[in-house]
Structures are given as C-alpha cells and as structure tokens.
Amino acid sequence: MVSNTIRGRAVKFGDNIDTDQIIPARYLFTSDEKELARHCMEGADPAIVAVMRPDDIIVAGRNFGCGSSREHAPVSIKAQGHPCVIAESFARIFFRNAINIGLPIFESPDAARAIRTGDAVEVDLAGGMIKVGGNRFAFEAYPEEIRRIIAAGGLLNAVRETLRSRGRPPQPEVGASGR
Amino acid sequence: MRMGMTITEKILAAHCGAASVRPGQFVECAVDFCMGNDVTAPLAIKAFESVGATEPFDRERIALVPSHFVPNKDIQSAEQCKVMREWAQKHRIRWYFERGEAGVDHALLPEQGLVGPGDLVIGADSHTCTYGALGAFSTGVGSTDLAAVMATGRIWLRVPESMKFVYRGVPADPWVGGKDLVLLAIKRVGFDGATYKAMEFTGGAISRLPMDDRLTMCNMAIEAGGKSGIIAPDSVTEEYCRGRCRRPYVFYASDPDANYREENVFELDVSGLTPLVAMPHSPDNVAPVDEVGDVRIDQVFLGSCTNGRLSDLRIAASILKGRRVAKGVRFVVIPATPAIFLEALRAGYIEILKEAGADIGDSHCGPCLGGHYGVLAAGEVCLATSNRNFPGRMGHRDSKVYLCNPAVAAASAVAGKIISPAKIGIRP
C-alpha cells in the first residue's frame, strides 16, 4: 500500500502520452509484469526516455494514458518502480486502471506545468499537496467511492469482499433491457 | 417535477435501479453484456482467478474474441489465445469465437446481435464505445474491471455529463461519411475535450445515416476522450436490430428538458463538408483532404472496427473497379468479420480489390495497432481508415499515420498520395 509521502526525481513528458507510447502494442503478447516493465515508456520521446530512471516520478501534461484500454500501461509503470504519475489530466480508462491496480496518480495542472525534469518532488498524500522546491500545489482529492477502492487495496480486493459477503457470485438484477 | 434526463442517464438509471441519476453521481450498475479480446482477456482471467471467483456471473453474457494478434503471430500470442480458449472451454462461455468465426471484436458483436438498444455493455477494449450506435450505453475498461464484471455482473460508474453534437444539413459531397462527421466533432472539441463525458450525436444528418456510419462515429468517441458515444435509436436502428438482436431491447431517448450544459452543446453545419483527414500525430489534427498538401504514401489500410464493414468495402470497390493500386503502394484490406468477408466476396468486391492489387487479410485488427500484418518501418507513411494515429501506433515511432474515410483511402491507393476521389475525377 502507498505510504503517506512519495518522494522522487521528476521526469517530464508532454501532452497526450497515449498507451502506445507507454507500452507499444508489439509487447502486448505478454501479461508478464517484468517483461512489460522492461519496455515501459519505450514508445515515448527517446530523448526523455534516455534520461529516465526506473524510480523517477512520471510527470506529464494533458490526457496522460489516452488511447487503448490496455491495463499493461499502468502495470508496466508500476512494475518498473515509478512511484506515481502526476499529470495535468488523465484519460478516463487509464485513470480507472491505475486506481484498480494500485498505481498512485495525481491530477494537478499547476504542479504538472511547474515541474521540470530533474526536480525533486514530494507528494504529501494526507495533506493533498505536491511540493517542488519552495512551491506547494494541491492535487485533486479522490471522490469517496474511489477512496474506498484504494482503501481496500484495489478493485480485486473489493470484489473479493463482495464475493465473500454474498457467499456466491451474485446474479445481476434485472436491468432495463427486458431480459 | 422530475428533471429531464439524457438517453445516457436513463440507461444508467435503469441499470442501477434508480428512478433518476445525475452527472457526477457514482452508481453500481448491472451489466447486460461484457467482452474481452486476446490482449485484455488473459489479464482479466488471471485477475478473475486471483479473487477466488469460481463461476462467471453469466456464461451467456460474456464474449471472448481473439481479434488482435491472430492468427497467432508468434508463440507468445499463441499462449495468450490459449489462456482465453481454455478458460472459455472450462466455463462453457457461450460467445467464445474461434478463429474462422471471429473477427474484429467491435464489428462482430453488433453484427451477431449480442448487443442492442438500451443495453449496458462493458468491454476491455477502448473502442467498446462503438455499440452506442445502437442506442446502448457502452464503454471501455481495463482488464481488472472486466474481471470484476465477469465475477459479479456489476460495475461502478460515474454518471457522465452529456455532450450534444447537433449535425445540421446534409453533406452535398457524396464521399462524406460517418468518419468525416466524427472527425469534425473530434476536431471541434480536441483530443481530450470529451474526457469523462458521453458524446450524443443527433440532428438531421444523423437521422439519415446508415448503421455502418453510425458505428464508425460512436467508435471514435474515445478519440476525443469520450466515455461513450451514443445515437438515439430510430427506424434505422429498428431495421438493423429486428431479427438480429438475441435479447429484447429497449429504445431510450433524451427528454426535451434534459440537462446539457451550454458549453457541452455543439451545432455543426455539415452541408458544405468535404472528406476530412486526421494528420499525424493526433486524431484531432484534422483538415479537409484537399488541404493536407502533397503527401506520398507507402501503405493504405482499409479495415478495423472503425471502417472495415461491408459499406466501406463497397465504396472502396466502386473506386478501384477497373483501376490499379499505384506502384510502390501496399494496399492492405481486411474485412472486419467473416460475414462481411463472405458478403463482399459474393458481391464481387473482393475480386475487384484483389484485381486492383490489394493484399486481403482475414478478419482481424491487422496493422491498426502495429501488432502484425502491415507494420510500418521508420519513415513510412500510412493512410488508414482506422481510428488512431499517435506516434508509433502502426509500427516504428518515426512512421506516420493519416486517418480518413474509405473513399479517400481507395482513391489515394490509386494515386499513391493522399487525395479525394473527386480530385481525380471519380464520381459515385
């Protein structure tokens, strides 16, 4: 689980980093985390990737993780050891996937714009603050429902809990489509 | 008095057992149908097993489609497909499609009547938003979400704000299709302009639009960041669904007093619209085809969940009849499903395309995602009817992808450069 403070050196990417750049489709033949980690960010700007270290905090502009729904993208980032991602905004499916697998992500347009590659970044989870040099930036707090998933340790734990409490996999309620 | 709801809000309300829902609300919904493919399902299966789930929620409501790296392109992709196949056999998954009956997932499911109007559909693939063309709420998720759906039949969702795109007028240009209508919307709002939102397509130009074009439009909602795309069902929908949908379906429509924020409503006059092209490296980098300049191409790809349907092949065949693919251009054509392939064969389209020099593949995602069957080398340029053109999407990071409709793709294959059919004197 995530501790209360995340510290790391920043490596900065631009807008619209899609999942093909995070993990190119040619590596999707595997679900092996170590193999995915090896190719993390391989499709992104080679000049940035050249200076990136496995424990860097990934910082990006708008729409990080757009494109395909491949969960391999947040999995590769987490498996590589990047402690978190800070971006101006995240694409929706990437956001869900990151929460579901327990990769910490923080939406803060001001922080994402201010941070430069090489900056020492500290994320204070309890205080909802990102600290860079002398500057402090608030990040968007998760809604209650998402905090519950995080508290459970990811979606799978939440599902495990549901299955246990119901004794057996529940049948869906009759929906609107008249089944 | 009850506030009016959008079609999306009505479908979500019906599936979470509420009389009404509002944007921003979190709801837990019953899922009518879910799907995964050879890229996403193996991870989902791993997750399914890891939570101790013993049986899927409903073996009739899960589709598993080997669509991406098939026919198995190497040992590793063969192993992925094997995981999916064996799990499907073990749980007697009704809608596991073996190669030969499988195709591009998002072309296959509507065609086979597995998804229909009023449904709530969850798919572990970003282009699951395609089924909104039928008047369903349908959205893409990752593998862990799919695992949760396969285990419980339910999913948490945040009710999206709805955006309304009102298409006014009828395009005078005969080569304009659904692809151009959706590219126009993506250009208007930008690559992330619809993030977390439902994109509702409406207006006179939509009511006349055939189902194939509607599927193309909703397919690309994700390219503006949209959670879903949707078109209210009408007589075109009814005609498509009658005798095809395997479950009873419900038509929903937005209330006249449904709440759209002012900044979420877009009026688009399309009467003067000409075919559009999305230039590298973003689907919102859109310009009329006549304004992209002199762009030589190495490859043309006609296919994918966006534009690999029968009408797309018909358009391409009409242009290539009696013509040849330009020397030095590779024209890769992939009918999206076996049924489409057969119909195109019987109608003579396949023969025309083959005689013109096309390379025809058998119903898979092909080069769209740079996996196999037409991967690009450094510096190469591809014009594709698919949906994405991010850096490296179809191969080397230094390759370039332009996106267009099937008519522009076919005309450009003949010319060897990006061009509209009208420009080289081709009329419908």
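Modeller: In this predicted model, a salt bridge joins the side chain of Arg62(A) to that of Asp192(B), with an N to O distance of 2.7 Å. The interface they belong to brings 54 residues of chain A into contact with 67 residues of chain B. About 5,000 Å² is buried between chain A and chain B, and carbon and sulfur atoms give 56% of that area.

A salt bridge within chain A links Arg147(A) and Glu144(A), at 3.0 Å from N to O. Both Arg147(A) and Glu144(A) sit in helix α7 of chain A, three residues apart, or about one turn of the helix. Among the elements of chain A, α7(A) has the lowest mean pLDDT, 83. The highest, 98, belongs to strand β2 of chain A, residues 57-60. For chain A as a whole the mean pLDDT is 88, with 91% of its residues at 70 or more. Residues 169-179 of chain A have pLDDT below 50, and this stretch makes 37 contacts in the model beyond near neighbours in sequence.

The largest pocket holds about 940 Å³ of space. Its lining consists of 42 residues, and the closest to the centre are Ala98(A), Ile99(A), Ile101(A), Gly102(A) and Leu103(A). Elements of both chains give two or more residues to this lining: α4 (72-80), α5 (92-101), β4 (105-107), α7 (144-151) and α8 (155-166) of chain A, and α2 (41-50) and α5 (143-152) of chain B. By class, the lining of the largest pocket divides into 23 nonpolar, 12 polar and seven charged residues.

The second largest pocket has a volume of about 720 Å³. It is lined by 39 residues, with Pro210(B), Met211(B), Asp212(B), Asp213(B) and Ser311(B) nearest its centre. The elements that give two or more residues to the lining of this second pocket are α4 (105-111), α6 (178-189), α7 (204-207), α8 (211-219), α11 (310-320), α12 (338-346) and α14 (406-415) of chain B. The lining of the second largest pocket has 19 nonpolar, eight polar and 12 charged residues.

Note on methods. Residues are numbered from 1 along each chain as its sequence is written. Chains are lettered from A and ligands numbered from 1 in the order in which they are written. This is a predicted model: local features need pLDDT of at least 70, side-chain atom pairs count only at pLDDT 80 or more; totals for chains, interfaces and linings use all residues. Side-chain values use heavy atoms; hydrogens and water are left out. On a 1 Å grid over the protein atoms alone, a cavity is a set of points where a 1.4 Å probe fits but cannot get out, and a pocket is an open set with protein on both sides within 12 Å along at least five of seven lines; lining residues have an atom within 4 Å of a point. Grid points are joined across faces, edges and corners, and a volume is the space filled by probe spheres set on the points. Helices (H or I, at least four residues) and strands (E, at least two) are DSSP runs, numbered from the N terminus. Ala, Val, Leu, Ile, Met, Phe, Trp, Tyr, Cys and Pro count as nonpolar, Asp, Glu, Lys and Arg as charged, and the others, Gly among them, as polar. pLDDT is the predictor's confidence in each residue, from 0 to 100. Contact means heavy atoms within 4.5 Å. Buried area is the accessible area (1.4 Å probe) that two parts lose on being put together, summed over both. A salt bridge is a side-chain nitrogen of Lys or Arg within 4 Å of a carboxyl oxygen of Asp or Glu.
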